[in-house]
Amino acid sequence: MRYVLPLLAFVFAGFLGACDSNNIETLKADSLETYATIVHASYEDSYDAAVELDQAIDAFLASPSATSFEAAKTAWLAAREPYGQTEAYRFANGPIDDADGPEGLLNAWPMDESYVDYVMDESGIVFTGIINSDDPSLATIDAALLEGLNEQGGEENVSIGYHAIEFLLWGQDLSETGPGNRPFTDYTTQVNANRRADYLRVVSDLLLVHLGELVDEWAPGQSGNYRATFLAQDPDQALADVFTGIGTLAKSELAVERMFVAVNNQDQEDEHSCFADNTDRDIVTNAQGIANVWRGSYTRTDGSVVSGTSLADVVAEEDGDVAGTVNSNTSAALTAVNAIPDPFDRAIINQQTVVLDAVDALQDLGDSFVTAAAAIDIIINNELPD
Amino acid sequence: MRRPLVPRASRPHRPSRGGGAVRLLALLTVPLWVWMGAACDSDGRLIAEVGEEFSGGEVTVFNSGENAFGLPAPQLSREEERFFGVGNSFFNQNWVQSPASTTARDGLGPFFNARSCAACHFKDGRGRAPEFDGERPTGWIIRLGVPGQVDAFGSPVGDPSYGTQIQDAAILGFDPEATPVIRYEEITGTFADGTSYSLRKPLVQFEDTAYGPITGVSVSARVANHLSGLGLLDAVPEADLLAREDPNDRDGDGISGRANRVWSVAQQQHVIGRFGWKAEQPTVRQQVASAFHGDMGLTSSLFSEENCTEAPAGCNEAPNGGSPEIVDDALTHTTLYASTLAVPARRDWDDPQVLRGKNLFTAIGCASCHIPEMRTGTSTVADALSGQTIRPYTDLLLHDMGDGLADDLATFDASGSEWRTPPLWGLGLFETVNGHMTLLHDGRARGVVEAILWHGGEAEAAREQFRELPRDERDDLVRFLHSL
């Protein structure tokens, strides 16, 4: 029902004729409705997938086995699919990047493994981290403790969020070719198995709390949430935020910080999802999220499609050539990121050309968003904020 | 290297500065307004110089928000932009203790002040001193030196146990060297119009000294500087800087000014210094390598020995992250990053009050050392930095600033009371980016008025003229400085 109104408005605007000066304003407003709807739907999918992850983790902890452990890992990988697409809403002044905002609580990386649990060195297992600590102040592992400790003393002390769960499920990636290989007995017979189980249960619960906040911020028909603020502001400001978000993710955060830096450093661990070797999917889903925003269309986890007036429609109204360029750059970037072989930590060493082609394609796309925004008189910057 | 940029015409709108005739007149009277430091239109109203808002020439960004110091030079090639991104990641992300699975980023310590560059240069901006005893901000370090002693190269001689810098953090297994604590003494004074003011003088002492008492050394606190335009200053031809030297004050204006001659590790000879509070570093690259070494305990090809003294046993045997810990490529990318951070544009540069303040800045003598304009030569770091007309408000030379600011820590040719004229570009954005407006080498000045009032020595005459200005003119000058 909520998608019908913008659609009607669009059809009505179409009757007024393409040359009507009000048309562009209508298109802008409609495209922002579409954006808000897509953002909400994808956070909803992320939340639902995290509920399934939480249930799988509870099932594993209730009855630890290789099978139930594998099921939890499968649920984690599935949960990353919708969430990866929501990263297209970062760098856009939205609630995900609030000063005390949930981004650092959800998705901060790299993980400081040894701050959370044991790690391996030449001598074998080194029992470090919060889980293996006998510090009385860390005696009870609960939500308040972990939220307080996250990112304390700098970005490296990442102790909660998707990547903390990833580390607790896979363990350190010590393999040249595969992901980490944590035994499920870490939760049965290993030292501090109960504390490890507590830790896993708490970070999974917290993931739901923080994703739930984002769903609420973007829920339709509510006053006082971010969606209401977003749609009430000057449409050009809102569009500048939207374009800045996808431009920055494509040009700087994804292409450079997450891909080019890894190629340049040649460090197997310098990647987003290093424990599960899922970085290739992080890259693809990030790029897909960018395409979703530009195209005004999102395919939900259940296969249904949410769509409406797109940024492409708005830009095409003013400059068809520019819109056409962004359309082809979007397709090219999706093709290029899908060509990167799994796992990413081998691709940066063995398949550099393929990775660098994708970096190029993403940077072309990021730059063309600057041009596209300029076509509707909006000035944006696609450089990464510090 | 295609780079679709925002067309020039679509830059954020800037108010026009009057008609073509006025502009033509302004251009015809160039020598006059260069001399006066400001231009007037035919009705005697002050007008801005053409393009003076472009503080970094073409390396200027129109951003006055909290990321104003963090953006790259707009004309970088795509390849340079990517390496800027790599340098950015080395600058921002934490270094970790060895051994670690993140082999590209390990080797921290054994002694250090911070885990990342950005911890002190937050958002590529400026650090500050503790506000009160017990507060522990980042971006504030303590240098040590035996008074009157320099080594064979002219560098300060450090404390035998603590070296030339106190590191207040250490990796597991080592005790941090000491905890510096601060106490302020208020010194009151009055302007000529009778308004009183108060200046705070910092006194640094040490607690938790782990390797014996700290005695018999000069103690000099320093705050981390913002990084805007470093590569532009690096590219100013040496001859242009030397041309402004006047060591014996031949022109009799009371201002001498001379370049520091410092040791270049790469060239293995003395060259002129440009960076650091005493112009003790010759290039951005050596400045970056020195900060990695002194502040984070990371070795590089320029500083290959671990930062150890005699006192903490086992320092040299601590696990390290390879030799060197920062490979040359990483040093090069971090240098590119630090060199190509753009300069934020002026705000309100054509506001009448700002223009009045700018006139006063020249009239009372500030511009004698805070040189408004210079030109870069050829940059060895990035083409975008070459041939730019820049407005840094510095001469990069050393000046005697009097006893009030002296730290008795001689550094190469800089005496204990000599300091480099710091660039003033970006000054008005410290509050926005870093949430404070504390100035001078140790962050003692709470705002530009106090900073001016601390000026002594060669700058005493200018300071006295400021002290004698009426309130509204002091406000004009402050407003101008905040527009930088």
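Predicted model: local features only at pLDDT ≥ 70, side-chain atom pairs only at ≥ 80, totals over all residues.

Colleague: Is the crossing of helix 7 of chain B and helix 8 of chain B left-handed or right-handed, and which residues of helix 8 of chain B take part?

Modeller: Helix 7 of chain B passes helix 8 of chain B in a right-handed crossing. From helix 7 of chain B come Val284(B), Arg285(B), Val288(B) and Ala289(B). By class, the contact has five nonpolar, three polar and one charged residues. The partners in helix 8 of chain B are Leu331(B), Thr334(B), Thr335(B), Ala338(B) and Ser339(B).

Colleague: Turning to chain A, how many helices and strands does it have?

Modeller: Chain A has 386 residues, and buried residues make up 52% of them. Of the contacts in chain A with a separation of 6 or more, 72% are between residues 24 or more positions apart. The secondary structure of chain A comes to 15 helices and four strands.

Colleague: Are helix 2 of chain A and helix 3 of chain A roughly parallel or roughly antiparallel?

Modeller: The axes of helix 2 (residues 22–62) and helix 3 (residues 66–86) of chain A come within 8 Å and cross at roughly 165 degrees. Angles over 145 degrees count as roughly antiparallel. Helix 2 of chain A and helix 3 of chain A are therefore roughly antiparallel.

Colleague: How many nonpolar residues does the contact of helix 2 of chain A with helix 3 of chain A have?

Modeller: The crossing of helix 2 of chain A and helix 3 of chain A is left-handed. Residues in the contact include Ala49(A), Leu53(A) and Phe60(A) of helix 2 of chain A, and Phe69(A), Trp76(A) and Tyr83(A) of helix 3 of chain A. Alongside five polar and two charged residues, the number of nonpolar residues is 17.

Colleague: How is helix 3 of chain A oriented to helix 11 of chain A?

Modeller: The axes of helix 3 of chain A and helix 11 of chain A come within 6 Å and cross at roughly 50 degrees. The crossing of helix 3 of chain A past helix 11 of chain A is right-handed. Given the angle, the two helices are therefore oblique.

Colleague: Why is helix 11 of chain A described as largely enclosed by the rest of the structure?

Modeller: At 1.5 Å a residue, the 17 residues of helix 11 (residues 279–295) of chain A should span 24 Å, which agrees with the 24 Å between its end C-alpha atoms. Just after helix 11 of chain A, Gly296(A) takes a positive phi of about 65 degrees. Helix 11 of chain A is largely enclosed because, of its 17 residues, the buried ones number 15.

Colleague: Which helices are included in what covers helix 7 of chain A?

Modeller: In helix 7 (residues 162–170) of chain A, nine of nine residues are buried, including His163(A), Glu166(A) and Trp170(A). The cover of these buried residues includes helix 3, helix 4 (103–106), helix 5 (113–116) and helix 8 (193–217) of chain A.

Colleague: Is Ser220(B) buried or exposed?

Modeller: Ser220(B) is found in strand 10 (residues 218–223) of chain B. Not counting residues up to four places away in sequence, Ser220(B) touches Arg143(B), Asp407(B) and Leu409(B). With 24 other C-beta atoms within 10 Å, Ser220(B) is buried.

Conventions:
Residues numbered from 1 in each chain as written. Chains lettered and ligands numbered in written order. Axes fitted to C-alpha atoms, helices over the stretch in contact; angles between N-to-C directions. Parallel < 35°, antiparallel > 145°, perpendicular 65-115°, else oblique. Left-handed = near helix turned anticlockwise from the far one by under 90°. Contact = placed C-beta atoms within 7 Å. Nonpolar A, V, L, I, M, F, W, Y, C, P; charged D, E, K, R; others polar. Expected span 1.5 Å × (residues − 1). Buried ≥ 20, exposed ≤ 12 C-beta atoms within 10 Å, placed from the backbone.
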